[in-house]
Amino acid sequence: MHYGVLRSGMRRWGYPRPVLRAVIFDVDFTLSWPGPGLGPEGYRQLGALHGLELDPDRYEVARLAAVADLQAHPELLHSEELWIMFTKDIVRGMGGDAAGSRACAVDMVRRWEAHENFHLYDDAISIFAALRAHRLSIGLISNGHRDLEQFAVHHGLDIDCAVGSKAHGRAKPHASIFERALEALEVTAGEAVMVGDSYRDDIEGARAIGMRAILLDREELYPSEDDRITDLFQLPAALGLVADGDEDGGRAGQPNIGL
Ligand SMILES: [Mg+2]
């Protein structure tokens, strides 16, 4: 979407165009994916340590049921108890009995705090370099229990700010977690783009405060969404950072906000 932007930085009809200055990423399933220790086999092994016989084949159904049951805190306060209850739901759904399920869930939640249990997608590293080449600031916003700054250090992510719900106290899609990141990056909502895989948390949350939000739809679940990409390699083009034989004259290297 390059609406008649001229080299002067003005739209054809004379209004200044919003200039892209920062890109903010969600983390889980956007930049990184949880390794096997956090999946069906991890549950089976952890269950065995707690005397529970958990069936890996029941993991996906149990996880989807837990997602359906998950009730966010009404004021979107970050809550460890919520994560434990969600995980306990999965343990129970995989065959765990009531007695040992909570202790098993607590241990699994601890595993989600360990940075080495996550892996970066191949496109995550290259997109950071591409954005830096355009002198864009980069931020992270994530719901979860981990120390987000340490996560970035562990995985070698070159970022300017990290706002985790545990440290911030509120979770996406609460407006304040997005506003905190914008403040740290010293940009306005109109100068930043959010990229994430959760329609509710990342996309609706960011759009509610006036940010552009691009859905990363790796599983291709939202074909009707206008502003979406299916991997991060597509992000530079979505941001107008590359010449694409395009309608505005192939102005490679001149980012625009795409609104
Ligand atoms: Mg995510």
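**The sheet, strand by strand**

Guide: In β5, Cys161 is the bridge partner of Gly139. That pair belongs to a set of four bridges joining β4 (residues 137–142) to β5, and the two strands run parallel. Two strands count as paired if DSSP finds at least two bridges between them. Strands here are DSSP runs of E with at least two residues; helices are runs of H or I with at least four; both are numbered from the N terminus.

A word on the source. This is a predicted model, in which local features need pLDDT of at least 70, side-chain atom pairs count only at pLDDT 80 or more, and totals for chains, interfaces and linings use all residues. Residues are numbered from 1 along each chain as its sequence is written.

Now the whole sheet. It is open, has six strands and pairs in parallel, in the order β5-β4-β1-β6-β7-β8. The edges are β5 (161–164) and β8 (228–229). Each has a single partner strand, so one side of each is left without a neighbour in the sheet.

Helix α9 (residues 199–208) packs on this sheet, touching β6 (192–196) and β7 (212–216). Contact means that C-beta atoms, placed from the backbone, lie within 7 Å. The direction of α9 makes about 165° with that of β7. Axes are lines fitted to C-alpha atoms, for helices over the stretch in contact, and angles run from 0 to 180 degrees between N-to-C directions.

Next, β6 itself. On one side, four bridges join β1 (residues 22–25) to β6, running parallel. Ile24 has Met194 as its bridge partner in β6. Four bridges also join β6 to β7, again parallel. There, Gly196 has Leu215 of β7 as its bridge partner.

How buried is β6? Five of its five residues are buried, so β6 is largely enclosed by the rest of the structure. Buried means that 20 or more other C-beta atoms lie within 10 Å of the residue's own; 12 or fewer is exposed, and in between is partly exposed, with C-beta atoms placed from the backbone. In a regular strand the side chains alternate between the two faces of the sheet. Both faces of β6 are covered. Ala192, Met194 and Gly196 lie on one side, Val193 and Val195 on the other, and all are buried.

Terms used. Contact = placed C-beta atoms within 7 Å.
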